[in-house]
Amino acid sequence: MRDFEMDLTVIDIRCWDLVSDWAAWTGVYREADRLQAVPRASSDGQGSALSHLLQHGIAGLASLALLGSPALAPPASQATTFLTSDETSTVNLFQASKPGVVRDTFTLNMLEVPQGAGSGMVWDAQGHIVTNYHVIRGASEVLVTMTGGEDYPATVVGVDQDRDVAVLQLQGLPAEKSVTPLKIGSSANLKVGQRVFAIGNPFGLDHTLTTGVISGTGREIPGATGRPIQDVIQTDAAINPGNSGGPLLDSGGELIGVNTAIYSPSGANSGVGFAIPVDIVRSSVDQIVRFGRVTRPMLGIAFAPEQSAEQLGVRGVLVLDARKGSPADEAGIKGTSRDEYGRLVLGDIIISIDGARVKTGSDLFRALDKRSVGDALDVEVLRGNDRSHVAITLAASNT
């Protein structure tokens with residue numbers, strides 16, 4: 001790690017190299033957010049024009065330290081900041097939402113030096129912090145930095161790997177210290193073109209605000225477990241390493257999504273970012289807070305990747321295995337096998353659920369996401385050249 005220092009009498013700007021680690025799934029880069037620890041800079045004085053600008057325009061950038069010089073401070077009449085009504089609304093939104101955004105730092109191993117950093121948000125007054133699962137995955141310790149610079153350890157309450165959601169609990173918070181939760185909105189009626197605001201800690205720069213619009217809705221990105229995350233929000237608001245787990249807000253300052261990934265050939269922002277809708281996040285968080293885990297309906301099958309199924313000329317979801325004792329196994333679903341001569345014997349091919357056509361694994365997951373544990377499904381399968389209908393009752397899968 002290198003320090004670059006420039007002594008200009010009025011300011012002292014220090015820059016630190018940051019190292020990021022990215023994981024790519026089919027072109028979608030999800031941040032592992034493993035950045036080197038960034039030293040927290042302190043302010044030794046106030047009064048410079050840059051200090052004034054920092055307080056009003058880019059407050060919270062921890063890696064910029066100011067050395068005030070009263071002799072060089074401009075007169076108050078010259079230091080007045082002129083803002084349009086639109087700019088005033090943006091500044092007010094940022095200032096009101098900033099206390100609810102935190103920085104997550106984790107250690108991968110007690111004996112290792114590398115550390116990681118991402119973003120998170122205060123979910124409720126009880127000190128629950130919501131972030132992405134991939135931000136804290138594999139961490140042995142988690143440290144949360146609040147807006148005022150206070151660091152608190154946090155424990156992992158539970159995770160939803162399928163939805164890339166993790167819930168933390170602050171520890172050691174003084175009784176007199178209160179936290180400021182973000183306002184939780186809804187993602188049910190979002191419109192393309194709607195203005196949005198992303199707050200996070202890209203490249204270790206605390207509480208950075210970027211703006212943009214909703215570029216698309218109903219997107220689908222792959223989750224950490226291979227199960228696709230559906231109805232994802234696409235935005236052109238800049239999302240970079242360190243933004244993962246931070247909030248995407250609407251113009252009212254309400255949470256509408258959790259920033260999670262970008263589409264980029266280089267790993268840096270390319271104007272195509274993705275956020276998990278808050279309605280999906282809320283469902284996961286509520287279950288984790290109450291039960292410590294997320295329960296989701298499942299069939300209990302393993303199926304072939306789409307590319308393999310296409311090579312075999314299969315149109316539908318080819319069952320590779322029905323786990324013993326699972327709903328699919330108990331209903332008589334057959335997996336793929338080999339005969340005594342080593343020839344491949346294709347298993348059942350799921351072609352519809354409750355009358356809705358199933359062509360891919362995404363179609364299957366989309367159908368399951370609309371159901372609940374205990375629901376009975378009418379599953380149409382192709383076995384050899386014969387079609388048949390199988391009744392399957394969904395069981396619980398703990399993630």
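1. In this predicted model, helix α7 gives the largest share of the lining of the largest pocket, namely five residues. Local features need pLDDT of at least 70 and side-chain atom pairs count only at pLDDT 80 or more, while totals for chains, interfaces and linings use all residues. Residues are numbered from 1 along each chain as its sequence is written, and side-chain values use heavy atoms, with hydrogens and water left out.

2. The volume of the largest pocket is about 860 Å³, and of the 30 residues lining this pocket, G226, R227, P228, F303 and F365 are the closest to its centre. A pocket is an open set of points on a 1 Å grid over the protein atoms alone, where a 1.4 Å probe fits and protein lies on both sides within 12 Å along at least five of seven lines; lining residues have an atom within 4 Å of a point. At least two lining residues come from each of β14 (208-222), β19 (295-298), β20 (301-303), α5 (306-311) and α7 (361-369).

3. The whole structure holds 13 salt bridges, a salt bridge being a side-chain nitrogen of Lys or Arg within 4 Å of a carboxyl oxygen of Asp or Glu. One of them joins the side chains of D160 and R296 at 2.7 Å, N to O; because D160 lies in strand β10 (residues 151-160) and R296 in strand β19, the pair ties together parts that are 136 residues apart in sequence. Both D160 and R296 are buried, where buried means under 20% relative accessible area, exposed over 50%, and partly exposed in between (1.4 Å probe, protein chains only).

4. A salt bridge also links the side chains of R227 and D162, at 4.0 Å, N to O. R227 lies in the loop between β14 and β15 (228-235) and D162 in the loop between β10 and β11 (165-170), so this pair ties together parts that are 65 residues apart in sequence. R227 and D162 are both buried.

5. The side chains of R371 and D354 form a salt bridge at 2.8 Å, N to O. R371 belongs to the loop between α7 and β26 (376-383) and D354 to the loop between β24 and β25 (356-357), so the pair ties together parts that are 17 residues apart in sequence. D354 is partly exposed, at 37% relative accessibility. Through shared partners, salt bridges join D160, D162, R163, R227, R296 and D369 into one network.

Conventions: Grid points are joined across faces, edges and corners, and a volume is the space filled by probe spheres set on the points. Helices (H or I, at least four residues) and strands (E, at least two) are DSSP runs, numbered from the N terminus.
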